[in-house]
Amino acid sequence: MIDCAKILEIADRELAGTDMFTVSCTCSPANEVELLIDSDTSVTIEACAELSRAIEAHFDRDEEDFSLMVASAGIGSELRTLRQYRKLTGSPVEVLLRNGTKILARLDSADENGITVSYKERQAVEGRKRKVEVDVVRTYPFEEIKYTKEYLDFK
């Protein structure tokens, strides 16, 4: 079976010096390998094809047959690396917490411990009959987050 760690090592070496980076690699028992990459700007089809050829050059198909798919982490896919979070700083995101709460917010910052988001929330204010919309800034550790995705509003 193909080793994902070896594929990630080769991909990281090939992408060094570019604005592209690896996101994840999955290998099935049938030797179907899917490598997801991302970029600080954009990932072209040509870049994916070039990386695929570079990785395949390190393996002998006569020794072990495999299927390799190199793709860009698509819009709306879950963020998996800190670099992806940092790339989306200032952008709207959808955060699903492990307790089931879904938040649409602006990603303010991200570090090794978690993310800080800001959004508007209706809250009861003392002296008012109705709830008032207030700006809320909250920090969530990664342990509390089930997933985070870039939020696209098509309105």
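Which strand does Ser118 lie in? Select Ser118 and you are in strand E6. Helices (H or I, at least four residues) and strands (E, at least two) are DSSP runs, numbered from the N terminus.

Before going on, note that this is a predicted model, in which local features need pLDDT of at least 70, side-chain atom pairs count only at pLDDT 80 or more, and totals for chains, interfaces and linings use all residues. Residues are numbered from 1 along each chain as its sequence is written, and side-chain values use heavy atoms, with hydrogens and water left out.

**Stop 1: Ser118**

Ser118 has a relative accessible area of 12%, so it is buried. Buried means under 20% relative accessible area, exposed means over 50%, and partly exposed is in between (1.4 Å probe, protein chains only). Accessible areas come from the Shrake-Rupley method with a 1.4 Å probe, and for residues only the protein chains shown count as cover.

The side chains of Ser118 and Asp108 make a polar contact at 3.0 Å. A polar contact is a pair of N or O atoms within 3.5 Å; within protein, one must be able to donate a hydrogen and the other to accept it, and residues adjacent in sequence count only if both atoms are side-chain atoms.

**Stop 2: salt bridges**

Side chains of opposite charge can pair when their charged atoms come close. A salt bridge is a side-chain nitrogen of Lys or Arg within 4 Å of a carboxyl oxygen of Asp or Glu. The count by this rule is eight salt bridges.

Select Asp135 and Lys120, whose side chains meet in a salt bridge (2.7 Å, N to O). This pair links distant parts of the chain, with Asp135 in strand E7 and Lys120 in strand E6, 15 residues apart. Asp135 is exposed at 60% relative accessibility, and Lys120 is exposed at 53%.

Next, select Glu9 and Arg13. Their side chains form a salt bridge at 3.3 Å, N to O. Both belong to helix H1 (residues 4-15); because they are four residues apart there, about one helical turn separates them. Arg13 is partly exposed, with a relative accessible area of 46%.

Then go to Glu94 and Lys102, a salt bridge with its closest N and O atoms 3.6 Å apart. Is Glu94 buried or exposed? At 15% relative accessible area, Glu94 is buried, whereas Lys102 is exposed at 53%.

**Stop 3: surface patches**

Patches are made of residues with over 30% relative accessible area and no salt bridge: like charges are joined within 9 Å, and nonpolar side chains (Val, Leu, Ile, Met, Phe, Trp, Tyr) within 5 Å.

Select Arg122, Lys129, Arg130 and Lys131 to see a positive surface patch. Lys and Arg count as positive and Asp and Glu as negative, while His and the chain ends are not counted. The place of a charge is taken as NZ of Lys, CZ of Arg, CG of Asp or CD of Glu. Lys129 sits in the loop between strand E6 (114-123) and strand E7 (132-141), and Lys129 is exposed at 88% relative accessible area.

For a nonpolar patch, select Ile75, Leu152 and Phe154, which make one of about 380 Å². Ile75 is in the loop between strand E3 (67-72) and helix H3 (82-87), and its relative accessibility of 65% makes it exposed.

**Stop 4: Asn31**

Most residues other than glycine have a negative phi. Asn31 is not a glycine, yet its phi is positive, about 60 degrees. Find Asn31 in the loop between strand E1 (20-27) and strand E2 (32-39); at 10% relative accessibility, Asn31 is buried.
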